[in-house]
Each structure stands twice: as C-alpha cells, then as structure tokens.
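Reader: I am new to this structure and would like to learn how to read it. Please take me through it one feature at a time.

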Amino acid sequence: MRRRRSLLPVFVLLLPLVLVAGIWLGGHPDSLPDQVRTALVEDSDGRVYEQAIDTLERDYYREVDRKELLDKSLEHAVNSLDDRFSHYFAPRDYDDFQEATEGRFEGVGMSVEEVERGLRVLTVYEGSPADRGGLKPGDVITHVDGKSIAGSSSEESTTRIKGPAGTPVRLTVRSKGASRELTLRRAEVEIPVVRAEMRRVGGREIAHVRLAGFTSGAHGEVGEAVRRLLDQGAEGVVLDLRDNGGGLLNEAVMVSSVFIPDGKIVSTKGRSRPTQVYEATGGAIDRDIPVVVLVNDRSASASEIVTGALQDRDRATVVGTRTFGKGVFQEIEPLPNGGALDITVGEYFLPSGRNLGGGGVSRGGGVEPDVKAQDDPDTPHDEALLAALREAA
C-alpha cells in the first residue's frame, strides 16, 4: 500500500507531459518511427474506412455490394486527383486493359476517342463485328444497351461495350445528323498493330508503315515491316503515328531504336521516381535512309516520345499537325482485390530536355511538325499521307 501511494504523485506529474506529447505526435505523425506510425496512424484510417463500410453494409435501407462500394470509393478517390490520365481499374476492367495492351480483346473491334456526346469512332478493324455492322470512322456512339454514355470516361464507356465473345451489345450511333440503333455480337478481336505497304511517289518506292498502338511486341512488328520493305527496294520510310494514343514506354524506346542507332531517346523523373535515362537499344537501319513521322492531334504519349526523339536527334522530318501534348507517364500498380491503379508517377523529357506537357498533368504544346499537312475527310485522297510520302521521296 505504501508503494502505490508513493507512485501516485509521480503519475500525476507525468500525465500532463504524456498528454502534450500525444497531442504533438498526433499532429506530427511523420516524427513517429515507421512501424509505430503505421500501427497508430495509417491503420486508424483503415479502421475508419472499414467501420464506414461495415455500417453501410449493415444499416443502409437496402442491400449493398461490399466489393462495389470498394470499387466506387477507389474510383472517386482517383477522380479527386483531377488527373485525366490516372484511373482505377476494377478487377474486370483490369483484365480488359491487360488484354488490350497485349493486342487482343473481346469486343466489337474499333478504336474510339471520348467526346461530349459519347465516343467517336476513329478506326474500324477489318472483319470485326463493328465492320460487319457498318460502323464508320466519324460515327458517334451515344448509348450502350439503351443507357447514355455522355459525360462518361472513355475507359468506362469502352468497358460497357466490351464483353464475352458471342454476347450481344446494342449501340445507338449518330452519323451525319441521324441516329440509328444496331446490335453487334462481340467476338475475340486481334488488333492489327502494324499495317505496311509499298507506295510509289515521283518514281521512288516508299515504305508506309502505320502503327496503331505501342502494345507488347509492337517494336518487333515495326522493325520487321520496315526492313522487309527496304529489302524490296524502298528508298524512304513514312512512320504513320496518326490517331496513336500511346502505350508502353519501353516499346516507344525500342521503336525509336529502329531508326536511331545509339544515344538518348527519353528520360523520366517523378517525385518518388529517380531520374532514369533510356537509350537506343541498337540495330537501327542505315542513317542515310530518309525517314518521315506522320502525326496528328491524337498522336499522344508514346507516339510523342518517338516523334520528339527522332526530331530532336535530326533523324526524321515530322509531317502533319501538332501532337496531343502529354508530358507525363503512368504506371500500373496492382491491388489485392484484383484491380489496379493506373496513376501518373512522373514526367518524361525528350533528348533536348523539353517536356511536351503543360506542366504536371495539363495538356501542353506537343510536337510541332516541320511540315504542316492535314487530311481533308471530304476528299477521296489522304492529303497528309501524300505530303509525308513526298518528303520521304
């Protein structure tokens, strides 16, 4: 009993100090050791979230899906970043994304861009359900299965169009001021990443190589097509990157390496990513062969890396219109639920040091063409391609 009485005054004296220390550490969690901070601070955030989800699942007036709540909360968290390039992929969406980067997916076979009313069709792949259904470039899809997609992101809208092979999807399509409905049956679609042909201009044979996206293995297809046409007598190359929205960074480096023998292609830097320099991997074609890169305002990201690198290194003439102007890159970070975060982690810089974005995730100036040219959709000719071919001849 005497021992307890002797400790009481000490405890009374220490209590205010403990309270002050606790308040200070609560406002300065970075001062805590990592393990303590994780246990006391980060875990408390997790407990708050779990408690909120538990409450919704238990007490909300109608039944809710816990996994759907998680997907929606992560989606809104990423949307709050106000970054058009960052996305949360729910598990099913992540599977679709992985298929697309491998050049295969189950859907209707077209590339699109987000517009105010929905999705504008850019390319329809030959023999695909979209092709058989009569979709054309320039058509605007406004509804999927009767539901409007106006205001939805392109990722959300395309996910609704994709689906298991053999299943139907109903699209409302607006073309030349009139709307129509068509039902397509989804199929497994293999995206033709590279299309190549020999073109003759002014008595000279020119290789026209069009790249649809920087998917896995794209550099091999580009290199094979370029070398095959050169072996057949091509005296110049037009690399067509119009409507190519980008893809994998390493593919951009290796596509550039088809034309640039050595040295810097691009460098990257982020808040939590050290500066990294990517150089040509070797095996380039002869430098004396004229090269032209053909671009438009939908050439973005990896397309801009290739275009800017070839322009900075004086290896190609750029023809077309100013490119999109994206100066940031994303990384995929898988999550335990089977989904993934596709988030902006840094900026990339061309060999000259320039960044094509507008600072952060803002749209910037892009690559300015050396020769301006634009296709007129109302004519049967591709004026921009003809200008590029003349430059390569």
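Reader: How many helices and strands does the chain have?

Author: The chain has ten helices and 19 strands. Keep in mind that this is a predicted model.

Reader: What share of the chain counts as buried?

Author: Of its 393 residues, 40% count as buried. The chain exposes about 21,400 Å², and carbon and sulfur atoms supply 51% of that area.

Reader: How much of the contact in the chain is between residues 24 or more positions apart?

Author: Such pairs account for 64% of the contacts with a separation of 6 or more.

Reader: Which residues touch the most other members of the largest nonpolar core?

Author: They are Leu 211 and Phe 259, in a core of 48 residues. At least two residues of this core come from each of β11, α7, β12, α8, β13, β15, α9 and β18. The most is given by α7, which supplies six residues.

Reader: What is Leu 211 in contact with, leaving aside its neighbours within four places in sequence?

Author: Leu 211 is in contact with Val 193, Val 194, Ala 218, Val 222, Asp 240, Leu 241, Asn 244 and Val 255. Apart from this core lies another, of 16 residues, with Val 108, Leu 119, Ala 130 and Leu 182 among them.

Reader: How should I read a helix, and which residues of α8 are buried?

Author: The general idea first. An α-helix has 3.6 residues a turn, so residues three or four places apart point the same way. In α8, which spans residues 249-256, the buried residues are Glu 251, Ala 252, Val 253, Val 255 and Ser 256. Their cover includes the helices α7 and α9 and the strands β11, β12, β13 and β14.

Reader: Why is α9 described as largely enclosed by the rest of the structure?

Author: The description applies because ten of the eleven residues of α9 are buried. Among them are Ala 302, Glu 304, Val 306, Leu 310 and Gln 311. What covers the buried residues of α9 includes α8 along with β12, β13, β15, β16 and β18. Just after this helix, Asp 314 takes a positive phi of about 55°.

Reader: Where is Glu 304 found, and which side chain of opposite charge is nearest to it?

Author: Glu 304 is found in helix α9. It is buried yet has no salt bridge, and the nearest side chain of opposite charge is Arg 322, 7.3 Å away. A polar atom of the Glu 304 side chain does lie 2.6 Å from the backbone nitrogen of Gly 325. The backbone nitrogen of Lys 326 lies 3.0 Å from a polar atom of that side chain. Beyond four places in sequence, the residues that Glu 304 touches include Thr 323, Phe 324, Tyr 348 and Leu 356.

Reader: Where is Arg 315 found, and is it buried or exposed?

Author: Arg 315 is found in the loop between α9 and β16. It is buried and has no salt bridge; Asp 286, the nearest side chain of opposite charge, is 6.4 Å away. The backbone oxygen of Asp 286, however, lies 3.0 Å from a polar atom of the Arg 315 side chain. Among the other contacts of Arg 315, outside four places in sequence, are Phe 259, Ile 260 and Val 291.

Reader: How many salt bridges does the count come to?

Author: The count comes to 23 salt bridges. For each one, ask where the two partners sit in the chain. Arg 273 forms a salt bridge with Glu 333, with the closest N and O atoms 3.2 Å apart. This pair links distant parts of the chain: Arg 273 is in β14 and Glu 333 in β17, 60 residues apart. Arg 273 is partly exposed, at 24% relative accessible area, and Glu 333 is partly exposed at 30%.

Reader: What does the pair of Glu 368 and Arg 322 tie together?

Author: The side chains of Glu 368 and Arg 322 meet in a salt bridge, 3.9 Å from N to O. Glu 368 lies in the loop between β18 and β19 and Arg 322 in the loop between β16 and β17, so the pair ties together parts 46 residues apart in sequence.

Reader: Which residues are linked in a network of salt bridges?

Author: The network links Glu 113, Arg 120, Arg 210, Asp 240, Arg 242, Asp 243, Asp 297, Arg 298 and Asp 382.

Technical notes
Residues numbered from 1 in each chain as written. Predicted model: local features only at pLDDT ≥ 70, side-chain atom pairs only at ≥ 80, totals over all residues. Heavy atoms only, no water. Helix = DSSP H or I, 4+ residues; strand = E, 2+ residues; numbered from the N terminus. Buried < 20%, exposed > 50% of the residue type's maximum accessible area, 1.4 Å probe, protein only. Contact = heavy atoms within 4.5 Å. Areas by Shrake-Rupley, 256 points an atom, 1.4 Å probe, with all protein chains shown as cover. Core = buried A, V, L, I, M, F, W, Y, C linked by side-chain atoms within 4.5 Å. Lys, Arg positive; Asp, Glu negative; His and termini not counted. Salt bridge = Lys/Arg side-chain N within 4 Å of Asp/Glu carboxyl O. Polar contact = N/O pair within 3.5 Å; in protein donor to acceptor, adjacent residues only side chain to side chain.
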